[in-house]
Amino acid sequence: MTVPFGGVPLHAQREWFEELVDLGYTDAWSAESDGADGFTPLALASVWAPTLRLGTAIIPAFTRGPACMAQSVGSLAQAAPGRFAIGLGSSSNVIVEGWNGIPFEEPYQQVQAMVRFLRDAMTGEKVTRDYGRFSVRSFRLGVVPPEPVPILVAALREGMLRLAGREGDGAILNWLSPADVAQVTPHVAEGAARSTRESDTGEREIAARIFVIPNPDAEVARGAARRMIAAYLNVPVYASFHEWLGRGDDLKPMWDLWSAGDRKAALDAIPDHVVDDLVVHGDPAACRETIAAYVENGVTTPVLAVLPFGVDMRESIRALSPSAGS
């Protein structure tokens, strides 16, 4: 489940986290954009629901310095020993440059450098190394995790997907359909086959954030989904991703209208079948079937992002839960 829960203050979410365990959810995954930071909700979860596995999907590789990133990762890994995975990604020009004033340059190299640095730092050994995008001199992490911390890489296209397999412990996917999973995962496997890390088992986690609107009213669900699709898929990195996936012709009218400033027409130009591919909607039972299709196609960790448009958030989480489907 994606956490924290929108519309509820962080201090009031303890019962929500506790109920996730009762409902059969195994993981809590945070994100980081313009809401809560990616670590604080998981720190709370480590105490409130100590059986949940915790992960970030994602922390931008640009917005924290190397030492600060290592401190945050090491601290949470000590708070939840053996139960935390760090998910890193390039994020986007909007978040990195537009919101944080950091040049969005060489995203592949930045992610690679941060992955390599974290692997070095998590050992507790002194780090003095040039990572290309940055250099670190005489840094030693004072909160060494008691167990190895899996590092997952958010990836959209071939190069980053191969990096996720070669230097990461898996990939984090986003904004794709169940069928798309079969197109992207071979690149992760290709990267894994080229790994030179010692004691590498070759296994890779494939986590995917799956947007779910458990509302049987298709008109309401598609209307909400179109607004989200337009907000994301006009960002250059996501536009390129969907061109690569083969949706260029379907999305070009939306892209053109958006660029021309006609936002309403841009939303209307998104075909129904694209909406249905990218956002799971319908009654909860139908949603669970579609989520299962992601798993059948190679997702090992389906991370639900519940969007309660026209329905109650907490009831939706209950209705989508593993216990409800058993």
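Modeller: Leaving out residues up to four places away in sequence, Leu-76 touches Phe-39, Leu-42, Ala-43 and Phe-84. Keep in mind that this is a predicted model.

Colleague: Where is Leu-76 found?

Modeller: Leu-76 is in helix H3, residues 66-79.

Colleague: Buried or exposed, that Leu-76?

Modeller: Buried, because its relative accessibility is 4%, and the cut-off for buried is under 20%.

Colleague: And how far is Leu-76 from Arg-133?

Modeller: Their C-alpha atoms are separated by 25 Å. Along the chain, the two are 57 residues apart.

Colleague: Let's turn to the core. Which residues touch the most other members of the largest nonpolar core?

Modeller: Phe-84, Phe-117, Leu-118 and Ile-317 do, in a core of 98 residues. Phe-84 is also one of the contacts of Leu-76.

Colleague: What is Phe-117 in contact with?

Modeller: Setting aside neighbours within four places in sequence, the list includes Pro-66, Ala-67 and Ala-70. Val-127, Tyr-131, Phe-134, Val-136 and Phe-139 are on it too.

Colleague: Tell me about Trp-29. Which strand is it in?

Modeller: Trp-29 sits in strand E1, residues 27-30. Its relative accessible area is 0%, so it counts as buried.

Colleague: New topic, the backbone. Which peptide bond is cis at Ile-58?

Modeller: The one from Ala-57 to Ile-58, with omega near 10°. Ile-58 lies in the loop between strand E2 (53-56) and strand E3 (59-60). The bond from Val-3 to Pro-4 is cis as well, with omega near 0°. Pro-4 belongs to the segment before helix H1 (14-23).

Colleague: Why flag those?

Modeller: Because most peptide bonds are trans, and most residues other than glycine have a negative phi.

Colleague: What is phi at Trp-175, then?

Modeller: Near 55°, a positive value in a residue other than glycine. Trp-175 lies in the loop between E8 and H7. Its relative accessible area is 0%, so Trp-175 is buried.

Colleague: And Ser-199, buried or exposed?

Modeller: Exposed, because Ser-199 has 76% relative accessibility. Phi there is near 60°, again positive. Ser-199 is in the loop between H7 and strand E9 (205-213).

Colleague: Back to the E8 to H7 loop. What does Ser-177 touch?

Modeller: Arg-247, Asp-277, Leu-278 and Tyr-294, not counting residues up to four places away in sequence. Ser-177 is placed between strand E8 (170-174) and helix H7 (178-193). At 4% relative accessibility, it is therefore buried.

Colleague: Zoom out. How many helices and strands?

Modeller: The chain has 15 helices and 11 strands. Buried residues make up 51% of its 326 residues.

Colleague: What radius of gyration does the chain have?

Modeller: 20 Å. A compact globule of 326 residues would be near 20 Å, so the chain agrees with that. Its C-alpha atoms fill a box of roughly 55 × 45 × 35 Å along the principal axes.

Colleague: And what share of contacts joins residues at least 24 apart?

Modeller: 72%, among contacts between residues at least 6 apart in sequence.

Notes
Residues are numbered from 1 along each chain as its sequence is written. This is a predicted model: local features need pLDDT of at least 70, side-chain atom pairs count only at pLDDT 80 or more; totals for chains, interfaces and linings use all residues. Side-chain values use heavy atoms; hydrogens and water are left out. Helices (H or I, at least four residues) and strands (E, at least two) are DSSP runs, numbered from the N terminus. Buried means under 20% relative accessible area, exposed over 50%, partly exposed in between (1.4 Å probe, protein chains only). Contact means heavy atoms within 4.5 Å. The radius of gyration is taken over C-alpha atoms; the globule rule is 2.2 Å times the number of residues to the power 0.38. A nonpolar core is a set of buried Ala, Val, Leu, Ile, Met, Phe, Trp, Tyr and Cys residues joined through side-chain atoms within 4.5 Å.
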